[in-house]
Amino acid sequence: MSPRNDALRAARLRAGWRTMDQAAAELTTHGQALLGDPHFTVAPRTWRRWEGRADGRGWPPEETSQVLHDALGRWPEDLGFTAPAGWIRPERQHEDQVERRTFISITAAALVAGPVAPQHVDPALIDYFQSQLEGHYRADMFLGPTI
């Protein structure tokens with residue numbers, strides 16, 4: 001017999017949902033409120049499949065993943081589901097933008113005019129900084145626009 005989904009079962013019991021039917025009903029109510037969608041539902045049969053054999057779990061749709069995370073405080077892969085290829089947690093999708101904004105605010109001070117007195121700079125440093133600037137420019141292009 002295939003192993004059961006103990007992580008989801010433990011999260012359900014931690015939330016105070018004693019039965020799988022109660023869990024499905026509570027998740028449905030929570031999802032309808034969270035998403036503002038009166039048609040959002042999780043059937044008891046679906047919950048039983050998730051908590052049952054490993055081969056019957058599937059992966060919850062994106063909206064359901066968000067509701068599971070909000071209701072239970074854990075993402076589906078932490079609840080015993082196998083993440084599909086290319087799955088990126090929504091919180092990680094926003095981390096790149098936040099880090100880029102932080103990077104820009106921190107480096108803004110470095111963009112102000114430097115010392116006024118002329119100084120000799122080793123030509124090897126110029127080549128080094130030029131290659132570094134090109135690398136940063138390429139990385140910035142990969143990050144895309146800041147919104």
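Search the whole structure and you find five aromatic pairs, where a pair means rings of Phe, Tyr and Trp (its six-membered ring) with centres within 6.5 Å; planes under 30 degrees apart count as stacked, over 60 as edge-to-face and the rest as tilted. One of them is Trp50 with Phe81, an edge-to-face pair at 5.5 Å centre to centre with 85° between the planes. Its two partners come from distant parts of the chain, 31 residues apart: Trp50 is in helix 3 (residues 44-51), while Phe81 is in the loop between helix 4 and helix 5 (90-107). Helices here are DSSP runs of H or I with at least four residues, numbered from the N terminus.

Before going on, a word on the model: it is predicted, so local features need pLDDT of at least 70 and side-chain atom pairs count only at pLDDT 80 or more, whereas totals for chains, interfaces and linings use all residues. Residues are numbered from 1 along each chain as its sequence is written, and side-chain values use heavy atoms, with hydrogens and water left out.

Trp50 has a relative accessible area of 3%, so it is buried (under 20%; exposed is over 50% and partly exposed in between, with a 1.4 Å probe and protein chains only). Phe81 is buried as well, at 4%. Phe81 also pairs edge-to-face with Trp59, at 6.3 Å centre to centre and 85° between the planes. Since Trp59 lies in the loop between helix 3 and helix 4, and Phe81 in the loop between helix 4 and helix 5, this pair ties together parts that are 22 residues apart in sequence. Trp59 has 22% relative accessibility, so it counts as partly exposed. Step back, and ring pairs link Trp17, Trp47, Trp50, Trp59 and Phe81 into a cluster.

Now for the helix packing. Helix 2 (residues 20-35) packs on helix 4 (residues 62-72) at an angle of about 105°, and their axes are 10 Å apart. Axes are lines fitted to C-alpha atoms over the stretch in contact, and angles run from 0 to 180 degrees between N-to-C directions. That makes the two helices roughly perpendicular, a label for 65 to 115 degrees. On the helix 2 side, Leu27, His30, Gly31, Leu34 and Leu35 meet Glu63, Gln66, Val67, Leu68, Asp70 and Ala71 of helix 4, with contact meaning heavy atoms within 4.5 Å.

Helix 2 also holds Thr28, which counts as buried because its relative accessibility is 13%. Leaving aside neighbours within four places in sequence, Thr28 is in contact with Phe40, Thr41 and Val42. Thr28 and Phe40 are 12 residues apart in sequence, and their C-alpha atoms are 6.3 Å apart in space.

Note on methods. Angles under 35 degrees count as roughly parallel, over 145 as roughly antiparallel, 65 to 115 as roughly perpendicular and the rest as oblique.
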